[in-house]
Amino acid sequence: MLLQVLVAGFVILVTGILCKIGHFLYKRSVRRHDVPPEVVILYQIGRGHHAPSVSPFPLKLETFLRMTKTPYVNDHSGKFSSKRKTPWMEYDGKSIADSQFCVDFIKKKRNIDLNDHLPPSQKAVGRAFQKLTEENLYWTMCLEMFGDDLTTVRKVIPYTGLKLWLTIWLLRRVIRQETWGHGIGRHTPDEVWSIATADLTAISDFLGDKDFFMGSEPSEVDCALFGMLVMIVFNMPSSRHEKYVKENLPNLVGYCERMKNRFWPDWDEHVLSSPTYQNDDGKVYFQENCEADVKKSTDHKDSNHVY
């Protein structure tokens with residue numbers, strides 16, 4: 001009994017020390033952003049070696065901003081939201097956390113609907129596949145990346161030395177806790193893999209030979225699917241997920257390329273390993289739309305003013 005108490009105390013002590021080291025390593029300076037009104041400040045963890053992000057959710061949200069031509073600026077400092085999550089955003093001084101809540105906020109605020117060409121039944125299908133992807137497939141990818149073999153994740157996380165080791169240690173700890181609570185972490189590796197292949201096959205079968213997931217034009221679900229599938233195609237080299245998709249589901253690879261070409265023509269400029277990489281921290285995208293929105297708002301106020 002005494003030994004168990006001592007071991008538990010030692011674990012708590014070591015964890016506390018590691019967390020303090022982590023706070024020092026990950027501490028970021030807080031920056032002020034002087035941006036025009038109605039410009040989204042997108043907080044994310046920074047670019048990746050193989051894709052514009054090492055996480056599907058920042059890529060999902062940034063792709064949505066590009067699809068809707070919403071003016072935005074990136075903050076790659078890694079600052080977390082009040083929910084201790086990333087990505088998140090600020091819009092005219094208001095903070096919104098969680099990628100989907102950000103999407104929903106922008107849709108309402110800017111009166112945007114990427115699904116307006118879809119009937120209700122298709123919108124329902126899109127939502128179902130998004131949840132399958134983000135709430136199920138995603139966790140199989142986490143367990144694959146942070147399992148016993150860490151070769152792949154070491155190639156993807158853009159850190160070295162102590163920071164890389166600590167990042168992996170912290171993420172493995174969090175993922176084990178979250179997947180256990182989710183339930184998928186209680187399955188055997190083979191059982192988890194069967195879930196992954198079933199999900200990927202379902203996505204591939206529904207996509208078929210369509211240009212985008214719901215048809216010839218992109219819709220909101222494409223932001224989430226693209227963000228997730230990019231992780232597999234580009235950010236999980238030599239993993240079972242990558243091999244399975246490239247060997248058995250080539251339409252998913254083609255889909256990623258179509259989305260990339262349409263909404264990320266500057267892809268290479270946002271990939272750390274690219275010779276054309278450019279740091280876009282602080283750059284305002286679609287600023288012309290912001291100026292048009294401000295003018296439209298001003299004109300509307302002037303037209304309603306009684307002289």
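Helices, as labelled H in these views, are DSSP runs of H or I with at least four residues, and strands are DSSP runs of E with at least two, both numbered from the N terminus. The model shown is a predicted one.

**View 1. Overview of the protein and its secondary structure.** The protein has 11 helices and five strands, and 45% of its 307 residues count as buried. Among contacts between residues at least 6 apart in sequence, 76% join residues at least 24 apart.

**View 2. The open sheet of five strands.** The strands follow the order E4-E3-E1-E2-E5, and their pairing is mixed. Strand E4 (94-97) and strand E5 (284-285) stand at the edges, where each has a single partner strand, so one side of each is left without a neighbour in the sheet.

**View 3. Strand E1 and its pairing with E2.** E1 and E2 run parallel and are joined by four bridges, and the bridge partner of Leu 42 in E2 is Asn 74. In a regular strand the side chains alternate between the two faces of the sheet. In E1, Val 40 and Leu 42 point one way while Ile 41 and Tyr 43 point the other way, and all of these residues are buried.

**View 4. The two antiparallel pairings of the sheet.** Strand E2 (residues 72-75) pairs with E5 in the antiparallel sense over two bridges, with Val 73 standing opposite Val 284 of E5. E3 and E4 also pair in the antiparallel sense, over four bridges, and here Glu 90 has Ser 95 of E4 as its bridge partner. The hairpin of E3 and E4 has two residues between the strands, and in this hairpin Asp 92 takes a positive phi near 50 degrees.

**View 5. Pro 87, in the loop that leads from E2 to E3.** Pro 87 is found in the loop between E2 and strand E3 (88-91), and with a relative accessible area of 2% this proline falls under the 20% cut-off, so it counts as buried. The C-alpha atoms of Pro 87 and Gln 44 are separated by 4.8 Å, although the two residues are 43 residues apart along the chain. Leaving aside neighbours within four places in sequence, Pro 87 is in contact with Leu 42, Tyr 43, Phe 57, Pro 58, Leu 61, Asp 98 and Ser 99.

View 6. The C-alpha atoms of Gly 48 and Ile 157, which are 109 residues apart along the chain, are separated by 7.1 Å. Not counting residues up to four places away in sequence, Gly 48 touches Ser 53, Val 54, His 270, Val 271 and Leu 272. Ser 55 is found in the loop between strand E1 (40-43) and helix H2 (56-67), and with a relative accessible area of 15% this serine is also buried. Ser 55 touches Ile 45 and Met 231, again not counting residues up to four places away in sequence.

**View 7. Helix H6 along its length.** At 1.5 Å a residue, the 22 residues of H6 should span 32 Å, and the end C-alpha atoms are 31 Å apart, which agrees. An α-helix has 3.6 residues a turn, so residues three or four places apart point the same way. The buried residues of H6 are Leu 164, Leu 166, Thr 167, Ile 168, Arg 172, Ile 175 and Thr 179. H6 is followed by Gly 183, which has a positive phi, near 115 degrees.

**View 8. The second largest pocket and its lining.** This pocket has a volume of about 550 Å³. Its lining is made up of 27 residues, of which Leu 143, Glu 144, Phe 146, Gly 147 and Asp 148 lie nearest the centre. The elements that give two or more residues to this lining are helix H4 (120-145), helix H5 (151-156), helix H6 (161-182), helix H7 (189-207) and helix H9 (240-248), and H4 gives the most, with five residues. By residue type, the lining divides into nine nonpolar, 11 polar and seven charged residues.

Terms used
Residues numbered from 1 in each chain as written. Predicted model: local features only at pLDDT ≥ 70, side-chain atom pairs only at ≥ 80, totals over all residues. Heavy atoms only, no water. 1 Å grid on protein atoms, 1.4 Å probe; cavity = no way out; pocket = protein on both sides within 12 Å on 5 of 7 lines; lining within 4 Å. Points joined across faces, edges and corners; volume = space filled by probe spheres on them. Nonpolar A, V, L, I, M, F, W, Y, C, P; charged D, E, K, R; others polar. Pairing = 2+ DSSP bridges. Expected span 1.5 Å × (residues − 1). Buried < 20%, exposed > 50% of the residue type's maximum accessible area, 1.4 Å probe, protein only. Contact = heavy atoms within 4.5 Å.
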